[in-house]
Amino acid sequence: MNTIARKWVKTFDMAVMLGMSPIALLRKAQKDRESNAGYLIKGVHYNQLGDKNSPFYWNVELTLQAFENWGAPISGATK
């Protein structure tokens, strides 16, 4: 599948593109939401329509960009 052929894909397809398991991808989204790190933003990188048992849909382009920049230093950050 061409990675940019579809703008929004289900978790399994996004995980394949990223080379990780679907569970690992969902855990990253959950940890990011809990820590407020801002890498994966609901409504931008992924969305869940319906109740908590509904599937996640991922924005291919924006999610790939987020993983390319994962852990990159924040401009102007101090230790």
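In helix H1, which spans residues 11-18, the residues Thr11, Met14 and Ala15 are buried, where buried denotes under 20% relative accessible area, exposed over 50%, and partly exposed the range in between, computed with a 1.4 Å probe on protein chains only. Seen down the axis of H1, these buried residues fall within an arc of 100°, so they line one face of the helix, the arc being that of the directions from the helix axis to the C-beta atoms. An α-helix has 3.6 residues a turn, so residues three or four places apart point the same way. The face of H1 turned away from its buried side carries Phe12 and Val16, which are exposed. The cover over the buried residues of H1 includes E1, H2, E3 and H3, with contact taken as heavy atoms within 4.5 Å. H1 is followed by Gly19, whose phi is positive, near 75°.

The model is predicted, so that local features need pLDDT of at least 70 and side-chain atom pairs count only at pLDDT 80 or more, whereas totals for chains, interfaces and linings use all residues. Residues are numbered from 1 along each chain as its sequence is written, and side-chain values use heavy atoms, with hydrogens and water left out.

The protein contains 3 helices and 3 strands, which follow the pattern β-α-α-β-β-α along the sequence; helices (H or I, at least four residues) and strands (E, at least two) are DSSP runs numbered from the N terminus. The 3 strands form an open sheet in the order E1-E3-E2, with antiparallel pairing, two strands being paired if DSSP finds at least two bridges between them. Strand E1 (8-10) and strand E2 (46-48) are the edge strands, each of which pairs on one side only, and the twist averages 30° from one strand to the next. E1 pairs with strand E3 (residues 56-59) in the antiparallel sense over 3 bridges, and Val9 stands opposite Trp58 in E3.

Helix H3 (residues 60-68) packs on the sheet, where H3 touches E1 and E3, and its direction makes about 75° with that of E3. Helix H2 (residues 22-35) lies across E2 and E3 and runs at about 85° to E3; axes are lines fitted to C-alpha atoms, for helices over the stretch in contact, and angles run from 0 to 180 degrees between N-to-C directions. Gln30, found in helix H2, is partly exposed, with a relative accessible area of 37%.

Of the 79 residues of the protein, 25% count as buried.
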